[in-house]
Amino acid sequence: VYGFGTVVPRLLNYVLLTPFFTRIFDLSEYGIVTELYAYVVFLMILLTYGMETGFFRYAQLNRNGNEVFSTSLLSLLFTSVSFIVLISLFSGNLASLLDYGDHPEYIRWIGMIVGIDAFTSIPFARLRWKNKALLFASIRIISVLVNIGLNFFLLYFIPRGIENESLQGLLIRIYNPEIGVGYVFISNLVSSLVSLVLLSGTIFKIRLEFSAALWKKMLMYSFPLLLAGMAGTVNEALDRILLKHLLPEGENALAQLGIY
């Protein structure tokens, strides 16, 4: 069931969204999605810093599993909120650095997606620890269905609805064609927020407490996992980040990345 809850969302994303994106976006626009989600892979490893595995380790060793959950949750809450705030403050600078100077909002949305998903990794881990397999799988699948549904609604149905004069006035108020590929990130952000809301019962079910001594032990255990995770992620995603910088001048790098 856990595998079902992990593989089915990925399968749905691939089977439904990939052919959809490659038909509605030009190559450069799809290159933006490809590049920014490559950064997401690295940021997720960095922001969870092995704490998910550390949670399982110490929940098994510690009689008070709630203390382990609470400590790891508060740790990720602090780092995730700090990350979102920093990304929001410096989104303009980061956008310019990544050649997205006209769209700093892309950077802010990506930052919020990563921050929320990093934080919810611990509640999802707790569901697995508590053997709540069906709830775990259900939340995962609901989240990806929301993401897929919003992508189709915002990128396909609304643009075509605007062509209908009777619907134009209403739809133009909620749709901005200049956002374009940004609706991919908006859809993902909403789906991440849906997961957070659905996990709120798990988060607030226990009294939150922070153990500094336990936190230090968990960090010592988890840090090597961060390094190992980064090593694996380099193999998985670094090519998509580097390709834009390795292509010769005169090439439309984002278009080539979209093809890749």
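**Loops, cores and rings in a predicted model**

Biologist: Quick one to start: S211, buried or exposed?
Modeller: S211 is buried: its relative accessible area is 14%, so it falls under the 20% cut-off. Keep in mind that this is a predicted model.

Biologist: Where does S211 sit, then?
Modeller: You'll find S211 in the loop between α10, residues 200–204, and α11, residues 212–246.

Biologist: And what does S211 touch?
Modeller: Leaving aside residues up to four places away in sequence, S211 touches E67 and T71.

Biologist: Other loops now. What's phi doing at Y49?
Modeller: Phi of Y49 is near 35°, which is a positive value in a residue other than glycine. Y49 belongs to the loop between α2 and α3.

Biologist: Is Y49 buried or exposed?
Modeller: Buried. The relative accessible area of Y49 is 11%, so it counts as buried under the 20% limit.

Biologist: And D99, what's its phi?
Modeller: Positive too, about 70°, although D99 is not a glycine. D99 is in the loop between α5 (91–97) and α6.

Biologist: Why does D99 count as exposed?
Modeller: Because its relative accessible area is 57%, and exposed means over 50%.

Biologist: How about Q60, where is that one?
Modeller: Q60 is in helix α3, residues 51–61. Q60 is exposed, with a relative accessible area of 66%. Its C-alpha atom is 16 Å from that of L73, which is 13 residues away along the chain.

Biologist: Let's go inside. Which residues touch the most other members of the largest nonpolar core?
Modeller: F21, I32, L36, V184 and F185, out of 41 residues in that core. The elements giving two or more residues to this core are α1 (2–24), α2 (27–48), α4 (65–89), α6 (104–129), α7 (133–162), α9 (182–198) and α12 (253–259).

Biologist: Which of those gives the largest share of this core?
Modeller: α6 does, with eight residues.

Biologist: Pick out I32 for me. What does I32 touch?
Modeller: Not counting residues up to four places away in sequence, I32 touches Y100, Y106, V181, F185 and L254.

Biologist: On to aromatics. How many aromatic pairs are there?
Modeller: The count comes to 16 aromatic pairs. Take F20 and F21: their ring centres are 5.9 Å apart and the planes are at 40°, so that pair is tilted.

Biologist: F20 and F21, buried or exposed?
Modeller: F20 is buried, and F21 is buried as well. Ring pairs also link F20 and F21 into a cluster with F25, Y30 and F152.

Biologist: Last topic, charges over rings. Which ring does R140 sit over?
Modeller: The charged end of R140 is over the ring of F124, 4.0 Å from its centre.

Biologist: And R126, whose face does it lie over?
Modeller: R126 lies over the face of F69, 4.8 Å from the ring centre.

Note on methods. Residues numbered from 1 in each chain as written. Predicted model: local features only at pLDDT ≥ 70, side-chain atom pairs only at ≥ 80, totals over all residues. Heavy atoms only, no water. Core = buried A, V, L, I, M, F, W, Y, C linked by side-chain atoms within 4.5 Å. Buried < 20%, exposed > 50% of the residue type's maximum accessible area, 1.4 Å probe, protein only. Helix = DSSP H or I, 4+ residues; strand = E, 2+ residues; numbered from the N terminus. Contact = heavy atoms within 4.5 Å. Phe/Tyr/Trp six-rings, centres within 6.5 Å; stacked < 30°, edge-to-face > 60°. Lys NZ or Arg CZ within 6 Å of the ring centre and 35° of its normal.
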